[in-house]
Structures are given as structure tokens and as C-alpha cells.
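Thanks for making time this morning.

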Amino acid sequence: MNDKLALPVGTTLDRFIMRKQEDFPYATGELSQLLRDIALAAKIVNREINRAGLLDVTGAYGNQNVQGEEQQKLDVIANIRFIRALRNGGEVCAIISEEEEDIIQTGNTKGKYIVAMDPLDGSSNIDVNVSIGTIFSIYRRASETGCDGTLEDCLQNGTRQIAAGYIIYGSSTMLVYTTGHGVNGFTYEPSLGEFFLSHPNIVTPRTGNVYSCNEGGINGFPEGIKNYISYCRDSGYSARYIGSLVADFHRNLLKGGIYIYPSTAKAPNGKLRLMYECNSLAFIVEQAGGKATTGTQRIMEIEPTELHQRCPLVIGSAEMVDKVEEFMKAEALIS
Ligand code: P6P
């Protein structure tokens, strides 16, 4: 990659994608087009979210809204919008979505790519105006083109990701993504309908003093995690837990910190999904110099067996993730 051509803040996403494609002489442009398709869907979903408070689309799916129209929850709308953009874009042969049980075949049998996505994570926060997000991973299909995407295409471990990213719909809307050559953040300017490079080459701090965890379930946490939480309190760290993964992750990525969703009594395998939450953010954080594990295993090396499998997640500043592993190993030695 030609770092000498670092692009200035204010570069549009389109131009950034085009210039980065030039770094790869054999690139044929499909991945670039796929990233544009995702950005288009993000703009549409952003508009729907911003209208939600007025158009009463935040309610439960299946109710009638004031115009007597079928009311759809925003995460259903987001799912539809992303699937439509990816299907129309033509580069993706199959999609995994948190909103759908089975593989979604796009009909683009010549498509080279698979997308795994959580179209709108944290959607329970919409009604109270808390930031929410879209999370995605992109894989190259393993099977030959000319047919539907296969289960094997979809169940690839995180080290095989071609790209990953998230959109955070917050005080401003941002797209943050990696293609394996660093992490860059783009802020959306709705009046122009453009994403502009605002956070070039994001590097996450090696350590921090913020921990994000729902301590309400601490009695059901593994002892090593309990001991790490006590260590955070004894160290005078700040507890910051928004209850929206993308919002907590984004703050910790920029400022330093750690997010922990361990196995709990209610969720023995953790709550978060491997394929379109943990792997996606793990790729990003590693590219930014951070780490992502289950507390004992690197997230991206987990071999998936199910589309929607869950796993514990410990993600953020490298030294903080290492400290969790120390506590987990110490516990393993005495238990
Ligand atoms: P809990 C939202 O449902 C989500 O998937 C993440 O965005 C968030 O971090 C987590 O679950 C919150 O879960 O059990 O703390 O309410």
C-alpha cells in the first residue's frame, strides 16, 4: 500500500475507495463497488432512523401506524434496505443477517462475495434516542461462481475476512471500515449526501481506563472476569456501558478501553454473534492495534459451525485484553 499517497481529511468515500483500489494493480473493482453499495444502504437507513421519531416507525413490528400503514421496526427496515442494496449491486452471492434464520441468496450467482451483517444492532435503544449501529463483514466466496452461495462460503473463520466495518448512527453518522490495510473513519454530511474522511488511519490506544460491561450479570460471570472487573474498580477505571455495542466499541476504539460481554448464567456462550458482530469488530480492532478474544481464544480463529452462533467477547486496547487473559489463566490454574 502506498502510504505516501495518504489522502487528506475531507476526501470523499468514493474517491478514497477509488484511490485505495489503485494500490492493488489486479483489483477489478468489485470490492470497491460492494463498499459503495454498503455506503448507499447506510445513507438510506440513516434517513429512516432520523425520520423515526416523526413517523412512529420505532414501534413493535406488525402494528399499524397513524396512517394505517403496516408498521415496520427499524431493524426490519434496515435489513430490507441492506439486502436490496447488496442484491442490486450484483457483487454479493449470499448474505447472512441477524434478522433472518437462513442464508439469503441474492440470485447474483456470479457474485464473488459473501456479506455477514447485523443490519441494526442495539435497536432497542432507538425509542430512547441512543446511538445504534450496523455491523458487517465481507468474505470472498470459497465455492465456484455460477451457483448460489453455500454454507461453507458463509462459515469461514474471521481471519478470512476481506473487509469489515460498522456504521454508527449517533450525534453524527460515521462509517468505519478496514480492508486489512488500516482503519479509516468517514463522517456523513446529510446535506450533501456524502461520507467524508474524518478519521484517517485510526490507531487505538495500547491501554485505557474505561471498561464497558453489564455488571448486572456479574454473579454469573466466569471467576476470571469477576476478578478483572474488581481489578478495574481497584484501579479507579471508569465504567461506561451504553448498551449499544457499536457505540461502546467506537468510543473505546478512539479513546482506549475495553468492552466485555462474557458467558453469563443467562447466556452460557455469551450474547453476541460470532459472524456479524464479534468477527467484524475483531478485524477492525486488530487492524487498529487492539485485540479481540473470548477471554482465552482469539476471536478471528474460532472455526464457525453455525450461522448465528454466539461467543463471549473481550475487545479493545491490547494491554487491557491481555490483562483479562492473565486473570482467566490464573483462574484456570486454581480451578
Ligand atoms: P445487555 C444490543 O442488544 C446488544 O446486542 C449490544 O448492542 C449491546 O452491547 C448488548 O446487546 C447489551 O446487552 O444484556 O447488556 O442488555
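**Domains, interface and pockets**

Across the interface of domain 1 and domain 2, the rule finds one salt bridge. Please keep in mind throughout that this is a predicted model. The two domains span 9-199 for domain 1 and 210-334 for domain 2, and their C-alpha centres lie 24 Å apart. In terms of contact, 45 residues of domain 1 touch 31 residues of domain 2, and the two domains bury about 2,700 Å² between them, with 67% of that area on carbon and sulfur atoms. On the domain 1 side, Ile 135, Leu 155 and Tyr 166 lose the most area to domain 2, together accounting for 21% of what that side buries.

The largest pocket has a volume of about 620 Å³, and of the 32 residues that line it, the closest to its centre are Tyr 241, Gly 243, Tyr 261, Lys 271 and Leu 272. Why does the largest pocket lie between the domains? Domain 1 and domain 2 both give residues to its lining, so it lies between them. That lining divides into twelve nonpolar, ten polar and ten charged residues.

The second largest pocket comes to about 480 Å³, and among its 24 lining residues Gln 21, Phe 24, Ala 27, Leu 31 and Thr 179 are the closest to the centre. Helix 1, helix 2 and strand 6 each supply at least two residues of this second lining, which by class holds eleven nonpolar, nine polar and four charged residues.

How values were computed:
Residues are numbered from 1 along each chain as its sequence is written. This is a predicted model: local features need pLDDT of at least 70, side-chain atom pairs count only at pLDDT 80 or more; totals for chains, interfaces and linings use all residues. Side-chain values use heavy atoms; hydrogens and water are left out. On a 1 Å grid over the protein atoms alone, a cavity is a set of points where a 1.4 Å probe fits but cannot get out, and a pocket is an open set with protein on both sides within 12 Å along at least five of seven lines; lining residues have an atom within 4 Å of a point. Grid points are joined across faces, edges and corners, and a volume is the space filled by probe spheres set on the points. Ala, Val, Leu, Ile, Met, Phe, Trp, Tyr, Cys and Pro count as nonpolar, Asp, Glu, Lys and Arg as charged, and the others, Gly among them, as polar. Domain bounds come from an automatic or database domain assignment. Helices (H or I, at least four residues) and strands (E, at least two) are DSSP runs, numbered from the N terminus. Contact means heavy atoms within 4.5 Å. Buried area is the accessible area (1.4 Å probe) that two parts lose on being put together, summed over both. A salt bridge is a side-chain nitrogen of Lys or Arg within 4 Å of a carboxyl oxygen of Asp or Glu.
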